[in-house]
Amino acid sequence: MLKIFPEKLEASYYAVSLFLDTCRKAIEERGKCTIALTGGSSPDKLYSLLAEDKDKLDWSKLYIFWGDERMVPFNHPDNNAAMAYEKLLNHVPVNPEQVFRMHHEPDPETAAVAYQKQVTDVLGEENPRFDLILLGMGDDGHTASLFPGTRALAVNHRWVVANYVEAKDAWRITFTYPLINRARQVVFLVFGEKKAPVLHEVLNSEEKKYPVQHVEAEQVAWILDKAAAGKQH
Ligand code: 6PG
């Protein structure tokens, strides 16, 4: 499914309705909803609108993870979880024991192994299926921290890995394709003209040049603004 909106704000309102519908359905069917939030700046409006709509969801039934994280402390401006707390989680009645931040200590690989255990403790070892995974897309076609040319792209025996990103000279922790592609619903939030050239190729070319093109989940929704959608119609 692909929806194009004039601006990021309208797109974010639509993303709120999709988020709420997906969560309510999961809670109805399975008594809980498991979600992985995305980092980056694209979800900021979605998060603050969800906080405004907080009475529309039973937040106590949500189990909240992140699809990737930078190896910086929580109080660092680049920390993905910090933005989600500021815009959303500090304003809604989630159960803190059901919110799982990726940590960067003592080292990326140890932290990745620990996070994978938290994922499988909640979703099971054999077939961990998130109800909803929010994802962004970089203007190089990366998603989560699955960057072009990095080792995590080829990992299929782990759900969560540490990934060294040469282009950023930085370590990340990220979900792998096997985990992302098990999700019941993936929602991409892609805004801004910088994304248009790669997004046009991603949505129209058979050749899978970019990491984001290997996301296949059960349901994939693309929520775009006109600037990112460019020539797409
Ligand atoms: C991260 C994100 C990353 C992000 C894209 C888009 O940690 O950087 O998870 O995958 O979604 O880079 O970032 P923007 O939303 O800021 O454009």
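**Helix packing, core and loop residues**

Helix α1 (residues 8-30) packs against helix α2 (residues 44-52) at an angle of about 55 degrees, and their axes lie 9 Å apart. Axes are lines fitted to C-alpha atoms, for helices over the stretch in contact, and angles run from 0 to 180 degrees between N-to-C directions. Helices (H or I, at least four residues) and strands (E, at least two) are DSSP runs, numbered from the N terminus. The model is predicted: local features need pLDDT of at least 70, side-chain atom pairs count only at pLDDT 80 or more, and totals for chains, interfaces and linings use all residues. Residues are numbered from 1 along each chain as its sequence is written, and side-chain values use heavy atoms, with hydrogens and water left out.

α1 and α2 are therefore oblique to each other. Angles under 35 degrees count as roughly parallel, over 145 as roughly antiparallel, 65 to 115 as roughly perpendicular and the rest as oblique. On the α1 side, the contact (heavy atoms within 4.5 Å) is made by Lys8, Leu9, Ser12, Tyr13, Ala15, Val16, Phe19 and Leu20. Asp44, Lys45, Leu46, Leu49 and Leu50 make the contact from α2.

The largest nonpolar core holds 82 residues. Such a core is a set of buried Ala, Val, Leu, Ile, Met, Phe, Trp, Tyr and Cys residues joined through side-chain atoms within 4.5 Å. Phe19, Trp66, Leu89, Phe130, Val160 and Phe175 touch the most other members. α1 gives the most to this core, with nine residues.

The loop between α3 (80-89) and α4 (108-123) contains valine 92. Valine 92 is buried, at a relative accessible area of 8%. Buried means under 20% relative accessible area, exposed over 50%, partly exposed in between (1.4 Å probe, protein chains only). Not counting residues up to four places away in sequence, valine 92 touches Leu50, Ala51, Lys54 and Trp59. Aspartate 53 is 39 residues from valine 92 in sequence, yet 9.2 Å away in space, C-alpha to C-alpha. Proline 106 also sits in the loop between α3 and α4. The peptide bond from glutamate 105 to proline 106 is cis, with omega near -15 degrees.

Alanine 144 counts as buried, at 10% relative accessibility. Aspartate 169 lies in the loop between β6 and β7 (170-175). Aspartate 169 counts as exposed, at 60% relative accessibility.
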